[in-house]
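Please find below some notes on the model, arranged as numbered points.

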Amino acid sequence: MSSKTLFFLGATGYIGGSLLKGIINIHPHILVTALVRKEKDIQSVKAFGVSNVIIGSHQDLEKIQQLAARSDIVVNAADADDLPLTKAILEGFKSQSKTSSNKPILIHTSGTGVVSDDAEGEFAPSGQKIWNDNIEDDIRSIPPEQPHRLVDLEIFRADERQHCSAYIIAPSTIYGIGSGPVNKISQQIPGAVRVAIEHKQAVYIGKGTNKWNNVHINDLIELYLLVFSRALSGTKESSSYAKFYFGSVYEHVWGDIIRQIGQILYEKGILPSAEAKSVTLKQEPNLRSVASNSRSTSDRAFALGWKPKSKSIEETLEEDVTATLA
C-alpha cells in the first residue's frame, strides 16, 4: 500500500506546529509537504520529520491548488478567515475528484469566535446560548455574518458535493505552551499581556463579565488527532454538519483572567500595581478578541472519545505570561 500524502498549512504556527508533531508521531509513514513563508524556518520544520518544505505564501493560490490536487489530505491550521485560500484548496480537490476515485480529506481550523457576540465586556443575554457541536441544527443555524462562517460554509458545501471529506475543528481560547518548531504561544492571552504592559496596568473591556470557553493546547491536539484518525477510517457521517467539532473544555470570565494577569505582572515587577481597570472597546480595540461572549460545548468531541486532562487556564496562566515575556 502506498503512503498517504499530506499537504500541511500552518506548520510554523501555534496550533499547526503542535499538530504537525502529533500527526508525524502517530502516523510516521505519511509523506508531509509543508508550506512556509520564511526560508529561516525550513530546517526547523524539516527537523520534525517533514519530507518536503516549500516556500510560499497564502497568496500563491495556483501553487496551493496544485498541491491540494495531488494530496490525499490537506490540513489547514493557518487561517480561519482566508476564503481565497480555502477556495484554492477546494478547487484542487475538485480537480482531483475528476481523475481519482479516492476522496481527499480536509482538516480545517475554525474557531469558537464563530459563535461570539458583540457584548463589549458584559455577560449579555446573547451570551446565555451554549452552542452544542452534537446538535446539527445548532451548527446549521450559525449566521453567515459571524467570524469564520463564510469559510466554514464553503467547506460544508464542498463536502456536500462530494469533492472531499471535510472536518472542521473550532477551538475556543487556547492556552499552554505549544510543542511546534516555531511559534509556541497563543493569541488572546499574550495579546492581553502586551496591552497591559503598554498601558502599564492590566485592562479589561467594560464590566469584564463576558465568558469564553477554553482548552489547553495539548488537549486540543488530542482532539485533532482523534478527528484525523476518524477521517482516515472513512466512517460515514450523517451529514457534513456532523463533521464539526468545538474544542471547548472549561469556561472563564475574561475580567477574572485579566485581573490574574495583572497580579502576575505586578509580582514580576513589570507593572507598578496589580489593580486592573475597565476601558471601552473604542479606547482599546486590541482587546476585541477578549470582549465578547463565546460559549460552546464539545459533546460530539466527547462522544468521539476525547478526554481532556490538562490543568486549567488559571493554573497555567503564569506559564503563558512568562512565555509571552520571553
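1. Leu 325 is partly exposed, at a relative accessible area of 33%; the classes used here are buried under 20% relative accessible area, exposed over 50% and partly exposed in between, with a 1.4 Å probe and protein chains only. Leu 325 belongs to helix 11, where helices (H or I, at least four residues) and strands (E, at least two) are DSSP runs numbered from the N terminus. Together with Ile 197 and Ile 270, Leu 325 makes a nonpolar surface patch of about 210 Å². Patches are built from residues with over 30% relative accessible area and no salt bridge, joining like charges within 9 Å and nonpolar side chains (Val, Leu, Ile, Met, Phe, Trp, Tyr) within 5 Å. Accessible areas follow the Shrake-Rupley method with a 1.4 Å probe, and for residues only the protein chains shown count as cover.

2. On provenance, this is a predicted model, in which local features need pLDDT of at least 70 and side-chain atom pairs count only at pLDDT 80 or more, whereas totals for chains, interfaces and linings use all residues. Residues are numbered from 1 along each chain as its sequence is written, and side-chain values use heavy atoms, with hydrogens and water left out.

3. Helix 11 (residues 313-325) also contains Glu 318, which pairs with Lys 268 in the loop between helix 9 and strand 13 (276-279). The partners are 50 residues apart, and the pair links distant parts of the chain. Glu 318 is partly exposed at 43% relative accessible area, and Lys 268 is partly exposed at 34%.

4. How many salt bridges does the structure hold? There are ten salt bridges. One of them joins Arg 259 to Asp 256, with the closest N and O atoms 3.0 Å apart. Both residues lie in helix 9 (residues 254-267), three residues apart, about one turn of the helix. Arg 259 is partly exposed, with a relative accessible area of 35%, and Asp 256 is partly exposed with 43%.

5. A further salt bridge connects Arg 230 and Glu 237, whose closest N and O atoms are 2.6 Å apart. Is Glu 237 buried or exposed? Glu 237 is buried, with a relative accessible area of 15%, while Arg 230 is partly exposed at 24%.

6. As to the overall fold, the chain has eleven helices and 14 strands. Its radius of gyration is 20 Å, which agrees with the value near 20 Å of a compact globule of 326 residues; the radius is taken over C-alpha atoms, and the globule rule is 2.2 Å times the number of residues to the power 0.38. The C-alpha trace spans about 65 × 45 × 35 Å along its principal axes. Of the 326 residues, 56% count as buried. The chain exposes about 14,300 Å², of which carbon and sulfur atoms supply 48%. Among contacts (heavy atoms within 4.5 Å) between residues at least 6 apart in sequence, 80% join residues at least 24 apart.

7. In helix 3 (residues 61-69), Ile 64, Leu 67 and Ala 68 are buried. These residues lie on the same side of helix 3 because they cover an arc of only 100 degrees around the axis, the arc being that of the directions from the helix axis to the C-beta atoms. The buried residues of helix 3 pack against strand 1 (5-9), strand 2 (31-36), strand 3 (52-55), strand 4 (73-76) and helix 4 (83-97).

8. Gln 59, in the loop between strand 3 and helix 3, is exposed at 63% relative accessible area. Thr 99, in the loop between helix 4 and strand 5 (105-109), is exposed at 71%.

9. Most residues other than glycine have a negative phi. Glu 120 has a positive phi, near 55 degrees; Glu 120 sits in the loop between strand 5 and strand 6 (131-132) and is partly exposed at 45%. Lys 200 likewise has a positive phi, near 60 degrees. Lys 200 lies in the loop between helix 7 (188-199) and strand 9 (202-205) and is exposed, with a relative accessible area of 58%.

How values were computed. A salt bridge is a side-chain nitrogen of Lys or Arg within 4 Å of a carboxyl oxygen of Asp or Glu.
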